[in-house]
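Welcome to my notebook. I opened this structure today to get to know it, and these are my entries in the order I made them.

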Amino acid sequence: MKLRQYQRVAQYEINRQRFKKIMKELSNNSTRITNSADTEHLPSRQNFDNECKVLEKLDGQIPINNVLLCDEAIHFLKTFHSDVEDGGHWRSNNCSRHALIIIIPYRDRQQHLCILLRYIIPMLKRQHIEFRIIVAEQAGNETFNKGKLMNAAFIESTKLFSGHCVVFHDVDLIPEDDRNIYPCPWQPTHLSVAIDEMNYRLQYEMLVGGVLAMRKEQFETVNGFSNEFWGWGGEDDDMAYRIKLAGLRILRPPKNIARYKMLRHKKQVPAKWNSRIKLLSGVNKRFLLDGLNNANYSVEKLTRHKFYTHILINVGKQPL
Ligand code: BGC
Ligand code: MN
């Protein structure tokens, strides 16, 4: 969708003061939504500079084998990255940077997952970033609900693990350049700016789909993703509006390094355009009521694999 079309579907400019007032009222009534700063301590800039002189050690472009088999990918990781702890946790011994929870919404893409892990684990280690990898799989065969799945994964993983920030990561997007540092940003940051499949061009200004990094408290402030988008598309556009409504900005790294390869897959049929537009156009009335604070789901299984924590989640089914 083009930016102009967007501007027509949603009049999202509400006054920042009014938003703050609503948030305050809401956080008095609800424990989940908070505006409070993360209490965990982020390493200071000075520590970062003294102990984490890693930037010069980055390789730049990463050669990617996009037909790598699962066995090969896992063999590589076991051989060279056995220091990753069970459940997919790693932190550097000699340099402390921010801690990220990487959430990968998933269904039926085993090879993609293996390839993503094969490239992202060594890259995050080179970047000296502490990480936890969470694979959130939707149980059953009902229509996919990526937004609700990511909300559930956020709620569950923040119960289990500490971490300053969260990165929502499509399973089929492989970073092509390790200078695209995975951030714990002061503003929500859209990392997958340039994708090979889209001729390395950002499709539209409000796009936040693909790979999105946010501080935990920012994600809580926007009330997470909508739970209402069933099927392919729209939940990320809704998030872009939430970010604007909250008075936050979308940052992007430069497009010459924020490059990704998209792994091949059968394209999903998009959810009906009309219902997506209808939902989107009501985002300003809906977003405080639809999101983290009303996500109903159940955890069917939680397994710590060597390189990731797998959470199997039942998100229910699409209402008729
Ligand atoms: C969809 C988004 C998707 C984007 C890029 C839009 O039409 O609504 O969910 O990320 O296209 O493919
Ligand atoms: Mn995809």
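How far is an oxygen atom of ligand 1 from an N or O atom in the side chain of D237? I looked it up in this predicted model, and the distance is 2.5 Å.

**Entry: around the ligand.** I went on to the other polar contacts of ligand 1. D236 has a polar side-chain atom 2.5 Å from an oxygen atom of ligand 1. With G234 I found a backbone N or O atom instead, 2.9 Å from an oxygen atom of the ligand. I then checked the cover: on its own, ligand 1 has 310 Å² of accessible area, and the protein covers 82% of it. The residues I listed around ligand 1 are Q203, Y204, L207, W232, G233, G234, D236, D237 and R276.

**Entry: the largest core.** Next I looked for nonpolar cores. The largest has 42 residues, and I102, I121, I133 and Y182 have the most contacts inside it. I noted which elements supply at least two residues each; among them are helix 4 (70-80), strand 2 (99-106), strand 3 (130-138) and strand 9 (259-262). Helix 5 gives the largest share, with ten residues.

**Entry: one residue up close.** I picked I102 and set aside its neighbours within four places in sequence. I102 is then in contact with L124, F131, R132, I133, I134, V167, H169 and Y182.

Methods. Residues are numbered from 1 along each chain as its sequence is written. Chains are lettered from A and ligands numbered from 1 in the order in which they are written. This is a predicted model: local features need pLDDT of at least 70, side-chain atom pairs count only at pLDDT 80 or more; totals for chains, interfaces and linings use all residues. Side-chain values use heavy atoms; hydrogens and water are left out. A nonpolar core is a set of buried Ala, Val, Leu, Ile, Met, Phe, Trp, Tyr and Cys residues joined through side-chain atoms within 4.5 Å. Buried means under 20% relative accessible area, exposed over 50%, partly exposed in between (1.4 Å probe, protein chains only). Helices (H or I, at least four residues) and strands (E, at least two) are DSSP runs, numbered from the N terminus. Contact means heavy atoms within 4.5 Å. A residue is near a molecule or strand if one of its heavy atoms lies within 4 Å of it. A polar contact is a pair of N or O atoms within 3.5 Å; within protein, one must be able to donate a hydrogen and the other to accept it, and residues adjacent in sequence count only if both atoms are side-chain atoms. Accessible areas come from the Shrake-Rupley method with a 1.4 Å probe; for residues, only the protein chains shown count as cover.
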